[in-house]
Amino acid sequence: MTAAETVRLQVSGEAGRMENYCAALRAVGGQPLAAYCPAPDLSCGGLVLCGGGDIESALYGQEDRGSQPPDRERDRAELELFRAFFQAGRPILGICRGMQLINVALGGTLIQDLPRSQRARHTAPEGDLVHRVSALEGSLLHCLYGPAFQVNSAHHQAVDAPGKGLRVTARSEEGLPEAVDWNERRIMAFQFHPERMSFEKRRADAVDGAAIFHTFLEVCRRSGC
């Protein structure tokens, strides 16, 4: 696959709420195939797991401790999607809930409801907040944006114990994981929303999320899928 070729990408998310993700992927040369609860399509060169509601707490071995009502059909479908693309060695990008889903799929756990003092810095009913994160030296985010930078935020849950193989590559000032990766398996995931920080959604108070989508498309192209 040459750099000029379009990359087909399977995109899974909440019905009617995937256009921002698809617009960003199209802007960097991707061909997103978006659907709610799709079956795995391994003719696609990569998988994108979008944001949305909470994952069923029983899937990571916990009772309900402040989670919102789960969408069990979506949980089941996206775990199946992850496993199919993971086993096939295809690149996977997770955003917000997508990062949490990847973590759960690899045996990690979640903080179901952030303490009030933290939640006030990470979610607001009127839209995204912005806060500072610090990146692990040598990580993708460190290479793209430097050791510390501003991102958007809209979540009341977070990764707690990382899943097998994942490393935390960025944290908020409170120490919450803001990004994880597994380079050897071509997995990258972010708690913030780069699709709302790039292209037509570019904002002056945060870094340009377009670099993340450019990087993911290049990983897909190099994989030759």
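This is a predicted model: local features need pLDDT of at least 70, side-chain atom pairs count only at pLDDT 80 or more; totals for chains, interfaces and linings use all residues.

Colleague: What makes two strands a pair?

Modeller: In general, strands of a sheet pair through backbone hydrogen bonds, either parallel or antiparallel. The rule here is at least two bridges found by DSSP between them. Strands (E, at least two residues) and helices (H or I, at least four) are DSSP runs, numbered from the N terminus.

Colleague: In what order do the 9 strands of the open sheet come?

Modeller: The order is β2-β1-β3-β4-β11-β10-β9-β6-β7, with mixed pairing. β2 (30-35) and β7 (148-153) are the edge strands, each pairing on one side only. From one strand to the next, the twist averages 25°.

Colleague: Which strands does α3 lie across?

Modeller: α3 lies across β3, β4 (92-95), β10 and β11, and runs at about 120° to β4. α6 packs on the sheet too, touching β1, β2, β3, β4 and β11, and its direction makes about 120° with that of β1. Those angles run from 0 to 180 degrees between N-to-C directions, with axes fitted to C-alpha atoms, for helices over the stretch in contact. Contact itself means heavy atoms within 4.5 Å.

Colleague: How many residues of α3 are buried?

Modeller: 8 of its 9 residues are buried, so α3 is largely enclosed by the rest of the structure. Among them are Met99, Leu101 and Ile102. Buried means under 20% relative accessible area, exposed over 50%, and partly exposed in between (1.4 Å probe, protein chains only). Just after α3, Gly107 has a positive phi of about 90°.

Colleague: Is Ser12 buried or exposed?

Modeller: Ser12, found in strand β1, counts as buried because its relative accessibility is 0%. Leaving out residues up to four places away in sequence, Ser12 touches several others, including Cys37, Val48, Arg74 and Leu81. Ala24, in helix α1 (residues 19-27), is buried as well, at 2%. Beyond four places in sequence, Ala24 is in contact with Glu195, Ser198, Phe199 and Phe213.

Colleague: And how do I read the pockets?

Modeller: Rolling a probe the size of a water molecule over the atoms shows where empty space is left. On a 1 Å grid over the protein atoms alone, a pocket is an open set of points where a 1.4 Å probe fits, with protein on both sides within 12 Å along at least five of seven lines; lining residues have an atom within 4 Å of a point. A volume is the space filled by probe spheres set on the points.

Colleague: How much space lies in the largest pocket?

Modeller: About 610 Å³. Of its 27 lining residues, Arg17, Gly52, Ala154, His193 and Arg196 are the closest to its centre. α1 gives the largest share of that lining, 3 residues. The second largest pocket has about 190 Å³, and of its 15 lining residues Leu140, Asn183, Ile187, Met188 and Val219 are the closest to its centre.

Conventions
Residues are numbered from 1 along each chain as its sequence is written. Side-chain values use heavy atoms; hydrogens and water are left out.
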